[in-house]
Amino acid sequence: MWNWWHTLLPDGQVKLLALIGASIAFVVGLLQYRKTQRWKRAEWVAQEMKDFFADASVKTALQLLDWGSRRAELFPGRAEPEERFVKVRDDDLAKALADHSDRPGGFTPTEAALRDLFDYFLDRLERINSFVEAGLVSLGDVRPYLDYWAGHVVSARKGDPKVDRLVQLRRY
């Protein structure tokens with residue numbers, strides 16, 4: 001099997017060994033490059049998600065999704081603390097996220113503030129989705145960060161009075 005090796009001149013043997021060595025170095029370098037790229041992508045996703053969860057409006061939206069009743073800062077520009085915060089119940093949020101056609105009389109200022117809050121929250125989620133759509137990151141990269149929240153919204157069943165807000169968010 002190795003008889004062909006002996007038929008090569010010493011110069012040919014050296015060139016063949018150099019070619020094999022260069023190929024091995026190339027493959028090792030390529031594997032290292034890919035590993036480094038995966039690591040950089042993971043760091044980038046972690047930073048994006050850290051920024052996402054640090055955003056005060058995102059925090060408020062997530063708290064409202066997680067709790068059936070919660071005191072939330074909906075009017076941060078108001079001077080008095082008692083005017084900035086509003087107690088939001090499941091039904092309040094469900095009503096705020098209703099379709100315009102279901103609310104011919106319009107929305108109260110609190111409901112409008114809730115709609116603005118969730119518009120912003122969904123815009124931030126859409127930004128993350130655009131990274132996935134562009135192929136910069138995969139769904140698997142962001143899943144660990146968003147799985148809990150997505151699971152909440154997806155598993156909510158219509159008719160369960162404790163999760164109307166989540167059912168309505170899916171429609172919104």
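Helices here are DSSP runs of H or I with at least four residues, numbered from the N terminus. This is a predicted model, where local features need pLDDT of at least 70, side-chain atom pairs count only at pLDDT 80 or more, and totals for chains, interfaces and linings use all residues. Residues are numbered from 1 along each chain as its sequence is written, and side-chain values use heavy atoms, leaving out hydrogens and water.

**Aromatic pairs**

Rings of Phe, Tyr and Trp (its six-membered ring) pair if their centres lie within 6.5 Å; planes under 30 degrees apart count as stacked, over 60 as edge-to-face and the rest as tilted. The count comes to five aromatic pairs. Two of them are tabulated here.

| Pair | Centre to centre | Angle between planes | Class |
|---|---|---|---|
| Phe118 and Phe121 | 5.9 Å | 75° | edge-to-face |
| Tyr148 and Trp149 | 4.7 Å | 85° | edge-to-face |

Phe118 and Phe121 sit three residues apart in helix 6 (residues 109-133), so about one helical turn separates them. Both are buried, meaning under 20% relative accessible area, with exposed over 50% and partly exposed in between (1.4 Å probe, protein chains only). Phe118 and Phe121 form one aromatic cluster with Phe52 and Phe53.

Trp149 is buried at 18% relative accessibility. Tyr148 is partly exposed at 44%.

**Helix 3 and helix 7**

The axes of helix 3 (residues 56-66) and helix 7 (residues 139-155) come within 10 Å and cross at roughly 45°. Contact (heavy atoms within 4.5 Å) is made by Leu62, Leu65 and Asp66 of helix 3 and by Tyr148, Trp149 and His152 of helix 7.

Key:
Axes are lines fitted to C-alpha atoms, for helices over the stretch in contact, and angles run from 0 to 180 degrees between N-to-C directions. Helices (H or I, at least four residues) and strands (E, at least two) are DSSP runs, numbered from the N terminus.
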